[in-house]
Amino acid sequence: MSNPICVIGAGIVGVSTALWLQRQGQRVILIDRDTPGQAASYGNAGLIAQWASVPVNTPGIWRDLPSMLFNPKSALFIRWKYLPKMIPWLTQFMMNATDTKARAVTKSLHGLLYDAVDQHKNLARGTPVEKWIADSKFSYIYKTRADYEASSYSWNLKRELGFEPQLFQGHEVQEQEPNLGQGIGFMAQLSGHGHILNPGEYVRNLALVFEQQGGTFIQTTVTDFTKSNGTVTAVLTEQGPIECSNVVVTSGIWSKSLMQRLGLNIPLETERGYHIMFKNASGKPSHPLMAAGKFAITPMGDDLRCAGTVELGGLDLPRSSAPLDIIRDFIKIALPNLEAQDTTEWMGFRPSTPDSMPLIGNITGTNIYTGFGHQHMGLTAGPKTGQILAQMMTNHPINADYSAFDPNRYT
Ligand SMILES: Cc1cc2nc3c(=O)[nH]c(=O)nc-3n(C[C@H](O)[C@H](O)[C@H](O)COP(=O)(O)OP(=O)(O)OC[C@H]3O[C@@H](n4cnc5c(N)ncnc54)[C@H](O)[C@@H]3O)c2cc1C
């Protein structure tokens, strides 16, 4: 019997990959230093964001970045002592902020995201995990119509892809969502999307399905690899070596250090994000919202999660309070009747590339596959990424062109 395929990292991308490989009849060992679904895949906003293909680095960022950096009310924060380390990544990120590039990225990401609700349902079909997937509409909320019009570049690209919002203004907003405060004067609504009611439990339970169907999950830290003629023969862990036929790196932001162990320097940086969980909350909206492009407001059963903001600050610096203050201040305006029994706070690490595109594919001439770099939309794209990787590894025909995600663009 040939050695198993080792998938490193049990976030949404790794668990989806393990499940899809299993469906293709492969023997898989899924490895994580933690229990599945604890990192970025735990604390995200839960949106199945099929419309989220327009990158953050659109041409307007050249105009907006200085004010975003120095305006304490903006949703972008920078830890200045980390800035020197980020300059190479940030330079590439800004160089990609052209109309041509933004359009190309939008087109490629759309191919990965447009059918994400179906992809999630397909992954969970016939298992108890289905209960965590909700169909929902999604609304961007703004204080004024002018705030909405300020993001017309991004909305125009969305329209070109067929995402035509229904617009509500003035009292129409509160007629749609009675719990929204009078300070919210404009709403752009998209229908036919979805969200996850508890992202951490969702991923943890998908991993349980993988195990119940005969897959192996090992909780241990991967420290290095054994290579022979460019081929990885074993994954080295704190519990000893695990021999493998192929290795899949789905380790979120920590993929950067593992790829370095494999001799590859991938420009991956984290966009840190925050959430506040309002437990047993009343005065919630009925469906997920995006607050003026800063953070999402997602009803999750009895609770409400407000998650988003971007902080450039690497992996090691402690949390800051300013992103959480931004969320709290806006929530007072958006949901004045919100009351909760308790609140909890969280920070996590989005894995982001300078071209806003994940690395999905095979490193040429090796048995190393990559599934990381999904920045703001990894929950959405996890299942399809897993399916693409499984099809590549088992030589199944792939009926779309995903070459834009080829990891060799960075090697
Ligand atoms: C505030 C916030 C809100 C977000 N909202 C959304 C949203 O609404 N919709 C959406 O689609 N996306 C959202 N995202 C992005 C999304 O959460 C991420 O893109 C996605 O979770 C990345 O998943 P992953 O599987 O690549 O990585 P992760 O979930 O980070 O998992 C990586 C795993 O690798 C493991 N690992 C790392 N190194 C090792 C090692 N050496 N040995 C063993 N195991 C290792 C870790 O323990 C971890 O479990 C949000 C992110 C944030 C921070």
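In which strand is Thr309 found? The points below answer this and go on to the rest of the fold.

1. **Thr309.** This is a predicted model. Thr309 is found in strand β16. Its phi is near 65°, a positive value in a residue other than glycine. Is Thr309 buried or exposed? Thr309 is buried, because 24 other C-beta atoms lie within 10 Å and the cut-off for burial is 20 or more.

2. **Ala307, in β16.** Ala307 lies in strand β16. Ala307 counts as buried because 22 other C-beta atoms are within 10 Å. Leaving out residues up to four places away in sequence, Ala307 touches Gly43, Asn44, Ala45, Gly273, His275, Phe295, Ala296 and Thr298. Trp20 is 287 residues from Ala307 along the chain, and the C-alpha atoms of the two are separated by 29 Å.

3. **Asn395.** Here is another positive phi to check: Asn395 has a value of about 55° although it is not a glycine. Asn395 sits in the segment after α13. Asn395 is exposed, because 8 other C-beta atoms lie within 10 Å and the limit for exposed is 12 or fewer.

4. **The ligand shell.** How many residues surround the ligand? There are 45, and the closest are Gly9, Gly11, Gly252, Gly273 and Gly378. The elements that give two or more residues to this shell are α1 (12–23), β2 (28–32), α2 (40–43), β13 (269–279), β16 (303–312), β17 (342–352) and α13 (378–393). By class, the shell has 20 nonpolar, 21 polar and four charged residues. Gly273, one of the closest residues to the ligand, is also touched by Ala307.

5. **Helix α1, geometry.** Does the length of α1 agree or disagree with its residue count? It agrees: at 1.5 Å a residue, the 12 residues of α1 should span 16 Å, and the end C-alpha atoms are 16 Å apart. Just after α1, Gly25 takes a positive phi of about 85°.

6. **Helix α1, burial.** α1 is mostly covered, with 10 of its 12 residues buried. The buried residues of α1 are Ile12, Val13, Gly14, Val15, Ser16, Thr17, Ala18, Leu19, Trp20 and Leu21. An α-helix has 3.6 residues a turn, so residues three or four places apart point the same way.

7. **The core.** Which residues touch the most other members of the largest nonpolar core? They are Ile8, Val15, Ile141 and Leu206, in a core of 105 residues. α1 gives the most to this core, with seven residues. Val15 is in contact with Ala10, Leu30, Pro36, Val203, Leu206, Ala207 and Phe210, leaving aside neighbours within four places in sequence. As background, in soluble globular proteins nonpolar side chains tend to be buried together.

8. **The whole chain.** The protein chain has 13 helices and 19 strands. A compact globule of 411 residues would have a radius of gyration near 22 Å; the chain has 21 Å, which agrees. Its C-alpha atoms fill a box of roughly 65 × 45 × 40 Å along the principal axes. Buried residues make up 47% of the 411 residues. Among contacts between residues at least 6 apart in sequence, 76% join residues at least 24 apart.

Notes:
Residues are numbered from 1 along each chain as its sequence is written. This is a predicted model: local features need pLDDT of at least 70, side-chain atom pairs count only at pLDDT 80 or more; totals for chains, interfaces and linings use all residues. A residue is near a molecule or strand if its C-beta atom, placed from the backbone, lies within 6 Å of it. Helices (H or I, at least four residues) and strands (E, at least two) are DSSP runs, numbered from the N terminus. Ala, Val, Leu, Ile, Met, Phe, Trp, Tyr, Cys and Pro count as nonpolar, Asp, Glu, Lys and Arg as charged, and the others, Gly among them, as polar. Two residues are in contact if their C-beta atoms, placed from the backbone, lie within 7 Å. The expected span of a helix is 1.5 Å times one less than its number of residues. A nonpolar core is a set of buried Ala, Val, Leu, Ile, Met, Phe, Trp, Tyr and Cys residues joined through C-beta atoms within 7 Å. The radius of gyration is taken over C-alpha atoms; the globule rule is 2.2 Å times the number of residues to the power 0.38.
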